[in-house]
2 protein chains.
Amino acid sequence: MFELAELGHTLSKAAYKKRTPSLRTELLEVQNKLADENFPVLILISGVDGGGKGEIINLLNEWMDPRGIQTHAFDVPSEDELKRPPHWRYWMGLPGNGQIGIFIGSWYSEPIAQTITDKNDFDGLDAKLTHVKNIERELADDGMLIIKCWIHMSKGRQRAKLKAYQKDPNTKWRVTKKDLKHLKLYDKFASIAERVIRVTSTGHCPWLIVDGSDIKYSSITVGEHIRDRINAHIKLGHQETLPQQDKIKIVKKEISLLKSLDLDKKLSKAQYNKQLEKYQGRLNLLAREARQKNVTSTLVFEGWDAAGKGGAIRRITHALDARQYRVIPVAAPTDEEKAHHYLWRFWRHVPKAGQITIYDRSWYGRVLVERVEKFATKDEWFRAYKEINDFEEELTEAGVLINKFWLHINKDEQERRFKEREQISYKKHKITEEDYRNRKMWDLYEAAVDDMVTRTSTEFAPWHLIPANDKRFARIEVLKKYCAALEKRLG
Amino acid sequence: MFELAELGHTLSKAAYKKRTPSLRTELLEVQNKLADENFPVLILISGVDGGGKGEIINLLNEWMDPRGIQTHAFDVPSEDELKRPPHWRYWMGLPGNGQIGIFIGSWYSEPIAQTITDKNDFDGLDAKLTHVKNIERELADDGMLIIKCWIHMSKGRQRAKLKAYQKDPNTKWRVTKKDLKHLKLYDKFASIAERVIRVTSTGHCPWLIVDGSDIKYSSITVGEHIRDRINAHIKLGHQETLPQQDKIKIVKKEISLLKSLDLDKKLSKAQYNKQLEKYQGRLNLLAREARQKNVTSTLVFEGWDAAGKGGAIRRITHALDARQYRVIPVAAPTDEEKAHHYLWRFWRHVPKAGQITIYDRSWYGRVLVERVEKFATKDEWFRAYKEINDFEEELTEAGVLINKFWLHINKDEQERRFKEREQISYKKHKITEEDYRNRKMWDLYEAAVDDMVTRTSTEFAPWHLIPANDKRFARIEVLKKYCAALEKRLG
């Protein structure tokens with residue numbers, strides 16, 4: 001795979017000097033065009049040590065307008081980063097629409113490093129690369145252009161370069177112990193790199209392998225590649241605006257999951273009070289244990305308007321210490337959020353280890369309101385099922401306990417509650433015209449909920465369908481389910 | 001000071017039950033009104049251990065609409081937080097307009113804790129409190145309503161409460177070693193608290209001292225206080241919209257700082273190349289040493305359009321490793337940024353220890369473009385001088401080395417450069433109609449620069465006025481100044 005990149009490509013000083021000004025102009029022009037486009041560009045610079053990754057990035061920054069570029073260097077994760085899923089820090093560094101982000105060190109670094117040091121076989125590596133491919137696929141689906149450059153250098157050249165550096169007192173500092181250690185591991189590194197490049201060179205995110213032996217050659221090659229890829233993506237974007245919705249078929253189901261729920265379930269006030277005390281007490285103890293053991297929770301609340309999400313959430317938070325939980329009300333995205341993949345704004349709030357995050361509405365908006373109201377195309381919301389499953393799986397692997405609640409009421413009960421709320425001054429603000437409008441879409445929402453539960457209720461992140469015509473029953477049910485999940489996890 | 005709060009105020013269960021529903025309604029109404037207002041509300045809950053701070057916050061969250069409240073519990077700072085100035089984490093948690101933020105633990109926690117344990121006298125405490133007062137003043141000036149509640153409890157009651165908890169196996173866990181240690185330090189804590197409250201009870205941010213012996217009493221008292229303060233602030237806001245600009249007098253100066261610069265300073269190409277190599281080499285070594293020693297840098301670039309900020313920045317970054325620096329181009333604020341104090345968006349990018357952050361335009365926009373174009377009122381930009389000095393002092397105290405550059409060219413040179421840029425395709429995008437429009441405001445900008453330099457060039461964060469008619473001279477000058485500052489710091 002690296003044969004071509006070991007030929008020792010060079011560019012004469014004259015050729016470099018001749019090509020640089022025009023490339024610079026073209027890159028600036030491309031950046032100008034990009035600023036008006038509705039997609040971000042992510043450039044991953046990976047490769048062998050001493051291949052000149054840092055120099056290439058310095059040149060890119062020099063050639064282009066730094067106002068549209070953010071370079072992120074990901075090294076050993078910090079304490080705060082370790083408290084979150086491994087990919088959190090990469091999500092936080094993603095560029096927004098019209099922007100270019102450059103990553104040195106990326107989601108490839110850890111899989112490669114671990115495979116080298118842990119003496120893992122390729123099974124572990126492949127599993128990690130599947131994650132990586134999923135992320136790249138999801139970002140690319142959302143319009144992001146991902147440009148991956150692998151800077152290669154043969155073992156001989158790497159050794160020669162390090163030796164040359166060591167000889168010169170001015171450059172001696174550049175050779176670290178880590179570099180020398182890596183040189184010894186060169187062969188293993190190369191075989192892992194080859195596999196990584198092969199497995200993750202997909203049609204939408206191919207790798208460019210660049211010979212790193214001459215910085216003039218490698219920087220011009222990377223620069224031209226970036227120019228061409230962005231130009232091509234801009235053209236492609238304008239061609240592919242036709243909706244591809246026909247290829248998705250959602251099978252109409254005769255029986256609705258929601259209709260099968262028994263909405264007559266009830267608790268008397270006495271039963272409720274007794275059980276509320278019992279389960280809140282239990283939750284209080286469990287949550288403290290969870291904090292001690294760094295068990296993180298994410299609770300998702302979805303449901304019809306007026307189904308009692310807020311009330312159920314408050315019955316949970318009442319049992320918790322305010323220092324441990326956070327309620328995230330999901331409203332319209334801000335302009336920074338709109339400029340990113342729709343999951344970005346949820347990654348922002350991913351809880352630290354030991355915390356409890358409660359979402360009052362969530363990322364499921366993508367397959368509920370955005371589907372029903374046609375804010376998202378069919379393509380977009382359909383692929384969201386997989387994106388959401390991947391996201392939740394990643395949280396789970398980082399130790400997050402996920403529980404999702406759909407609070408279900410029927411149409412009559414909703415109407416009764418709307419009217420009731422209009423009578424109570426401090427609840428009046430909860431009822432808007434939109435709520436009445438949403439009622440007209442009831443059947444569409446019901447179908448969307450069916451699909452959502454079918455496609456996203458997983459072993460690691462189950463949906464709990466809660467009959468909620470009786471508020472008391474629903475609140476206790478939610479407490480019970482969460483307690484049971486915590487008990488199971490804490491053992 | 002605490003006499004009244006030690007009387008043991010209680011509220012009967014009946015009275016509590018009677019007052020809660022109406023208070024809840026009123027709080028929700030207040031929240032509704034607040035959502036349309038152009039200011040945020042920050043609630044600080046401080047006080048003695050065991051005073052029920054957590055319970056009060058739980059109740060506030062239960063009574064109000066959690067969609068408009070964010071509770072932040074600040075405990076021991078994390079590794080990442082320690083890498084930034086102490087107040088960074090508080091800034092990041094500040095609510096936006098129309099929102100309520102509740103802080104348990106706040107900028108008061110560290111000053112108090114340190115005074116107790118370090119056996120400091122009150123001089124150290126007072127210096128810290130001056131900082132705190134400055135922040136609160138600045139936030140309040142920007143419209144933020146700050147509500148500070150001190151939950152008090154007498155030593156006897158605190159002891160009794162802890163003992164009662166310890167006796168009951170269900171509540172035993174609540175008594176930690178820290179609580180018992182704090183009980184021993186009660187008297188010292190109380191005397192420090194008294195001083196803190198006295199010194200920081202300002203007209204715009206007074207403390208409310210609440211007797212914490214009965215949660216029913218304290219929660220209702222805090223809830224009613226919040227209701228009343230927000231209502232009053234909404235009323236006040238509408239009264240105080242008259243500009244108070246007359247009280248500010250900027251003295252017209254005869255001699256301009258900028259006009260006194262010698263713009264004829266020049267370097268030949270040969271001199272330039274030689275010095276560029278020399279200073280970039282030196283900077284490279286210094287920057288590496290700075291990284292090892294965790295010396296953080298902030299460079300601010302301001303100057304006329306086409307003064308060569310971008311070019312000077314690139315001559316610096318060229319000497320640096322892309323992993324160590326970040327260029328922050330300051331453009332229009334996003335909607336999240338607009339909903340906060342204007343310094344918030346700069347706090348967001350405050351560098352971690354050992355990093356170099358380069359601002360291409362900066363917080364000085366407040367006293368330059370916002371002053372000249374009248375985007376900020378005279379009150380706003382005038383008080384910004386102090387706010388900026390405070391901000392930079394805080395960075396300095398956290399070990400950040402600040403250097404600020406004004407690149408100065410004259411009007412003729414600017415015109416020449418505009419025309420030149422229009423000829424070079426990849427620089428063409430840099431010239432817009434706005435640039436020509438800005439030229440008409442030259443004199444106003446000149447006066448603004450004079451004031452800015454006079455009021456914000458401090459020992460710890462000096463302004464360097466760089467004659468930049470000759471680009472080569474300017475670039476070398478900037479490199480020299482930054483090298484000299486680094487050398488001085490590194491010793």
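Predicted model: local features only at pLDDT ≥ 70, side-chain atom pairs only at ≥ 80, totals over all residues.
Residues are numbered from 1 along each chain as its sequence is written, with chains lettered from A and ligands numbered from 1 in the order in which they are written.

Chain A splits into domain 1 (4-239) and domain 2 (269-490), with bounds from an automatic or database domain assignment. Their C-alpha centres are 39 Å apart. Domain 1 of chain A puts 17 residues into the contact and domain 2 of chain A puts in 15; contact here means C-beta atoms, placed from the backbone, within 7 Å.

Which element gives the most to the domain 1 side? That is H6(A), with five residues. Helices are DSSP runs of H or I with at least four residues, strands are E runs of at least two, and both are numbered from the N terminus.

Now, H6 (122-141) and H16 (378-397) of chain A: their axes come within 11 Å and cross at roughly 140 degrees. Axes are lines fitted to C-alpha atoms, for helices over the stretch in contact, with angles from 0 to 180 degrees between N-to-C directions. That makes the pair oblique, as angles under 35 degrees are roughly parallel, over 145 roughly antiparallel, 65 to 115 roughly perpendicular and the rest oblique. His131(A), Asn134(A), Glu138(A) and Asp141(A) of H6(A) meet Arg383(A), Glu387(A), Asp390(A) and Glu394(A) of H16(A).

Finally, chains A and B each bring 36 residues to their contact. Thanks, everyone!

Methods
Contact = placed C-beta atoms within 7 Å.
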